[in-house]
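Here are a few exercises to work through with the model open in your viewer. Try each one before you read its solution.

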Amino acid sequence: MSLKIGDKLTLTINDVAFGGEGVGRIDDFVVFVPFVLVGESVATEITEVKKNFARAKLLRVEKPSPERVAPECRYFGACGGCQYQHIAYPVQLRLKHKQIADLFERVGKIPADKIAPVIPCPQPYGYRNRIMIRSQWNKPEQKLNIGFIRADCGLVEDIEECKIAEPALNEQILHVRAHPPPKGGIKVMLRVQPEDWDVPPDSFFQNNFFLLPKLVETVREFLRGSGARHLIDLYCGVGFFGIELADAVESFVGVEYDQRAIQSARKNAAARKIAAGEFLPAKVEEVLPELLQKFSPEKTAVILDPPRKGCQPEILRLLRETGPAQVIYVSCHPATMARDLNVLCADGVFDIARVQPLDMFPQTQHVECVADLRAGQNLAKPQILDSTVSTHGDGNAN
Ligand SMILES: C[S@@+](CC[C@H](N)C(=O)[O-])C[C@H]1O[C@@H](n2cnc3c(N)ncnc32)[C@H](O)[C@@H]1O
């Protein structure tokens, strides 16, 4: 198929892929189109041609799906923050379920029947408690743009409000616009502090308060199912999971390399009079070997809630060699999660009991997943390795 940039095509969409783009075909050649739905016929213009696929922009929806709805945001389509505002919310949930099931089957070798239906967010707009806005000098218009990166290029779309952000953040956006940064290229993090949690300004906290009770309930139910008595909460931030689940175990340890987050975790535990836990300011890879020796594996559950890049191979290897009774993997990045689950479960070392997706990010391509892994019949044989542990860069999720 010899397509070139600028070609105009009418396509029928037969899938919406993980990442949010619709999939159309010319003969067998795949063309990705954003902001479409399965079954739609759309007029498009080719914007990029690669060896195995092309990308096109949406010009017009010729035959709309009955599941198409009017987006609430006037910037939808231009702003790069949301991909799914044109899709009715229940359909977004079904779509995310299919995408997760396909991805986990392909990359994680996890059967689709292990993936539970996606838990909806009770508030599909106005939910986000943290956003990053950017400033950029708009040369042609001789003005400062303040907003989010555009969907079609790296430029900043000037915005006055964000429909998925909490109302308090929209007031903060107006404040930034009234007192703009003196030049372009500045990033400003806006957030609503959670009630009852001490969180330093730059530390991680889950960014949807409305679905947090369900997230905790899911992890609690998994933990209860294994009957583990000790909890190792890795990548613990300000102690969220360890503290929320302290009453379900005899003892817990949280590990986090953000020193200020650890100070807050200790304050958060003290404020709730929780004494059965400790928090270690350390890199997971540095303390995990010792921690796994400290508790008997058959009584121990490990929570993994790593940044988007997932876990280092070294961490997965240690878990495979020690075989704690349960690993609960929490992630907002299903692709790296599926990769890591595949490693953990290879040769029957761990078995997947269930994966629970939660829609922490309505209107966007993102979804949170929690996986319940139980120790299988086999332990991996210890490997003799160089004692130096490779450390990748760091970075918080979302
Ligand atoms: C997705 S957040 C999870 C935080 C926490 N579990 C929560 O629910 O609030 C990932 C956390 O891992 C921390 N982190 C990233 N790499 C780390 C490492 N190698 N060792 C320890 N902590 C790390 C980050 O600072 C961040 O707080």
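Before you start: this is a predicted model, where local features need pLDDT of at least 70, side-chain atom pairs count only at pLDDT 80 or more, and totals for chains, interfaces and linings use all residues. Residues are numbered from 1 along each chain as its sequence is written, and side-chain values use heavy atoms, with hydrogens and water left out.

**Exercise 1.** Work out how α1 and α8 pack.

*Solution.* Take the axes of α1 (residues 89-108) and α8 (residues 334-345): they are 8 Å apart, at an angle of about 40° (axes are fitted to C-alpha atoms, for helices over the stretch in contact, and angles run from 0 to 180 degrees between N-to-C directions). That angle makes α1 oblique to α8 (under 35 degrees is roughly parallel, over 145 roughly antiparallel, 65 to 115 roughly perpendicular, the rest oblique). Now list who touches: α1 brings Ile 100, Leu 103, Phe 104, Val 107 and Gly 108, while the α8 side includes Pro 334, Met 337 and Leu 341.

**Exercise 2.** Find the partners of β6.

*Solution.* On one side, β6 (residues 130-138) runs antiparallel to β9 (residues 187-191), joined by 5 bridges (strands pair if DSSP finds at least two bridges between them). Here Arg 130 stands opposite Arg 191. β6 is also antiparallel to β7 (residues 143-149), again through 5 bridges, with Ser 135 partnered by Ile 146. β6 and β7 form a hairpin with 4 residues between them, and Gln 142 in the turn has a positive phi of about 50°.

**Exercise 3.** Which strands stand at the edges of the 7-stranded open sheet, and why?

*Solution.* Write out the order first: β12-β11-β10-β13-β14-β16-β15, with mixed pairing. β12 (277-281) and β15 (350-358) each have a single partner strand, so one side of each lacks a neighbour in the sheet. The twist averages 15° from one strand to the next.

Key. Helix = DSSP H or I, 4+ residues; strand = E, 2+ residues; numbered from the N terminus. Contact = heavy atoms within 4.5 Å.
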